Amino acid sequence: MTLNDPITDLKGVGDELAKKLGVLGVHTVGELIDYYPRRYEDYSNIVKIGDIRPGIVTLQAKISSVTSRYVRRGMHITEALASDDTGSVRLTWFNQPYRAAGIKPGADYFISGEYALRRQRFSITNPSAELVSDFPVNTARIIPVYRVTKGLKSGQIRKLVREAVVQAKELPEHLPQWVLDDNNLIVYARAATQMHFPSGNKALELAKKRLGFEEVFELSLAALLNKQAVAHEKSLKVPFKQDLAKKFVSELPFKLTDAQRKVVWQIYQDLEKTQPMNRLIEGDVGSGKTVVAAMAALMAIEQGLQVALMAPTEILARQHADTLYRLLGSVGQADKVGLLIGGLKPKQKELAREKLASGEIQMIVGTHALITDKVDMHKLGLIVIDEQHRFGVDQRKKLQAKAGHMPHVLHMTATPIPRSLALTLYGELDVSILDELPPGRQQIATKITSPNSRAQLNESIDKELEAGRQMFVVCPLIADTETSGGLSAEEVYERVRKDFEGRSVGLLHGKMKSTDKEEAMQKFLNREYDILVSTTVIEVGVDVPNATIMLIEGAERFGLAQIHQLRGRVGRGAHQSYAYLMLEGSQAPSQRLRALETTTDGFKLAELDLQLRGPGAIYGTFQHGALDLRVAKLTDLKLIASARKAAQAFIDKKEPLKKYPRLESKVTALRAITNLN
Ligand code: ADP
Ligand code: MG
């Protein structure tokens with residue numbers, strides 16, 4: 001049996017079970033072994049029957065006097081006696097008629113369950129019992145507890161995993177021996193087994209260290225290989241023209257922040273090289289990334305090159321085109337700016353494409369429309385990707401391919417990824433951080449509130465709406481289901497229409513067609529809606545200066561960084577703005593949520609999320625769940641540093657990846673997801 005074998009090759013796995021495992025993302029034996037426990041329960045402490053106390057207990061005992069009967073219709077009882085050299089205790093199973101036949105009288109068992117008083121008698125109810133001579137998975141050890149799905153229990157998964165680790169007992173090592181030696185790591189076979197069935201807490205720690213190291217090592221290696229793959233590529237040089245930059249800055253209606261100055265300077269230095277720029281600008285919502293991009297574009301245009309700015313939505317693309325038209329117009333370059341989006345009339349699109357091919361347009365702003373086959377670029381030298389996490393690798397690659405050679409690339413994101421995470425994820429990138437907001441920005445008054453105060457809240461909201469302002473309402477879910485608890489956009493939409501009778505309300509969510517989404521957003525922008533009920537699809541940087549209220553339903557269900565992004569949608573105009581974080585009930589808000597009332601720094605909030613909820617909280621704001629670190633903690637800087645160092649050493653030693661097939665396949669998959677070249 002090998003790790004790549006389909007899960008159905010495992011004893012006892014038929015098509016039906018395979019389907020359920022598929023729901024959990026488990027299709028092969030290897031994926032089952034990689035399906036790590038969510039948590040553990042400690043049944044390792046074996047007590048003598050003479051010392052037994054009420055509560056969860058584990059015994060080592062022989063089982064005798066088994067009786068099995070129906071006490072009434074639909075109620076079956078199996079009873080038995082467990083004995084060791086200090087005494088006996090009663091075992092009771094309800095509605096498990098198969099139990100009796102499975103018990104071997106006289107054999108040694110591990111028995112785990114709750115010892116308690118029931119109907120005036122002490123007994124252990126519905127215990128797990130496993131032969132000591134077997135490989136016990138439910139008793140007498142630290143027990144793994146798995147994330148389950150309908151019709152598949154943790155206990156079943158336990159048995160399957162045991163089967164898998166026993167069957168695949170020659171689990172091959174896939175890291176180089178020197179990596180293990182240098183970093184004191186245990187071998188894969190032991191780590192995988194111990195991760196599921198640890199022999200003790202220390203052993204579990206060692207397993208986590210090894211597997212966590214491996215995750216970061218693979219990510220780092222993927223990033224380094226991506227970087228290496230383009231190392232020989234050459235971009236066109238863009239010389240820095242000081243007078244032009246000065247002129248541009250002097251025409252701005254504001255003074256650049258120090259952070260903007262610093263980042264622009266870093267970009268200008270990159271552009272002067274033939275080595276392709278590959279830089280990520282991280283800047284909180286409103287930190288002024290657009291003008292930074294415009295200054296990069298300015299130099300490229302001056303050099304006779306074309307610049308393409310790709311944004312995830314048509315509205316955003318339009319806004320960017322307007323901004324660039326204004327900014328570049330101040331230095332006489334307005335007529336170089338063009339727009340290409342799906343929503344244009346065919347004639348307009350045709351014209352834009354012609355002007356692009358001829359080179360008349362040097363600054364093209366667009367959506368995915370930019371990457372269709374019909375678009376030919378004349379001399380594409382710089383690509384700017386706004387909200388980069390919204391784009392897949394393929395889309396970015398296609399745009400690059402339009403250049404015919406390697407263009408310089410600037411990625412921009414408002415998702416505040418802590419630097420440690422950014423480096424691990426995107427080790428091939430240079431990262432610039434805009435960690436300063438322009439002066440005079442208004443603070444968004446943020447307040448946690450509960451359904452009890454909804455009537456009062458609605459009243460004060462209505463005053464704002466009456467004064468001509470607008471409100472976003474964001475919901476954690478799209479559709480009304482059994483478990484949505486009234487929090488889906490569909491349900492909230494209905495409620496809001498009743499609560500704010502007479503106001504016009506729009507609905508926007510991810511399941512809608514993209515033209516309908518754009519239309520809903522456009523109507524809100526045009527003030528045709530007073531209120532827009534939506535899901536997190538509005539996260540992306542659209543500017544609606546008249547919107548001053550952000551109401552977030554089921555706030556505890558969101559990540560901190562995500563809520564921070566959402567509230568950045570308001571406070572973009574002259575009016576005081578508000579973010580209301582609505583709880584689901586009257587419970588006290590978490591400390592996590594409270595941080596939002598007092599903290600306005602997106603990076604601090606992201607760090608906090610990372611500490612409290614793990615990397616998933618940050619990755620959740622990206623589109624690829626495949627990057628989830630399941631074992632490593634990104635707060636474990638020592639582990640990350642050593643894994644990154646090992647990945648660099650792997651490259652320096654010129655180790656052929658082919659030598660390690662499993663490592664190769666994992667790293668190849670990661671490269672495809674993370675590639676930012
Ligand atoms: P984001 O980083 O979220 O993309 P934008 O580039 O959209 O931010 O900028 C937000 C707003 O701040 C815009 O209206 C822009 O003109 C303005 N702005 C940018 N830089 C400055 C600055 N240094 N001082 C004042 N306002 C600025
Ligand atoms: Mg922006």
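**Barrel**

I began with the barrel: 5 strands close it in the order β2-β3-β4-β6-β5, with mixed pairing. From one strand to the next the twist averages 45°. Strands here are DSSP runs of E, at least two residues, and helices are runs of H or I, at least four residues, both numbered from the N terminus. Two strands count as paired if DSSP finds at least two bridges between them. Angles run from 0 to 180 degrees between N-to-C directions, with axes as lines fitted to C-alpha atoms, for helices over the stretch in contact.

The model is predicted: local features need pLDDT of at least 70, side-chain atom pairs count only at pLDDT 80 or more, and totals for chains, interfaces and linings use all residues. Residues are numbered from 1 along each chain as its sequence is written, chains are lettered from A and ligands numbered from 1 in the order in which they are written, and side-chain values use heavy atoms, without hydrogens and water.

I then checked β5 against β6: they run antiparallel, joined by 9 bridges. Tyr115 stands opposite Ile124 in β6.

**Two positive phi values**

Most residues other than glycine have a negative phi. Arg119 has phi near 45°. I found Arg119 in the loop between β5 (108–118) and β6 (121–131). Is Arg119 buried or exposed? Arg119 is exposed, at a relative accessible area of 65%. The cut-offs are under 20% for buried, over 50% for exposed and partly exposed in between (1.4 Å probe, protein chains only).

Arg527 has phi near 65°. Its loop runs between α17 (514–525) and β18 (531–534). Arg527 is also exposed, with a relative accessible area of 51%.

**Open sheet**

Next I traced the open sheet. It has 7 strands in the order β10-β11-β9-β12-β13-β8-β14, with parallel pairing. β10 (337–340) and β14 (430–434) are at the edges with a single partner strand each, so one side of each has no neighbour in the sheet. The twist averages 20° from one strand to the next.

I checked one pair inside it. β9 (residues 306–310) and β11 (residues 363–366) pair in the parallel sense over 4 bridges. Leu309 stands opposite Val365 in β11.

Helix α9 (residues 258–271) packs on the sheet, touching β8 (278–283), β12 (380–385), β13 and β14. Its direction makes about 155° with that of β14. Helix α10 packs there too, touching β8, β9, β11, β12, β13 and β14, at about 170° to the direction of β13. Contact means heavy atoms within 4.5 Å.

I picked Thr413 in strand β13 (residues 408–413). Thr413 is buried, with a relative accessible area of 1%.

**Cores and domains**

Which residues of the largest nonpolar core touch the most other members? They are Phe248, Met363 and Phe472, out of 78 residues. A nonpolar core is a set of buried Ala, Val, Leu, Ile, Met, Phe, Trp, Tyr and Cys residues joined through side-chain atoms within 4.5 Å. Helix α10 (residues 289–302) gives the most to this core, with 11 residues. Domain 3 (242–272 + 288–413) and domain 4 (444–599) both contribute, so the core lies between them. The domain bounds come from an automatic or database assignment.

Another core, of 36 residues, lies apart from it, with Val29, Val137, Ile186 and Leu204 among them.
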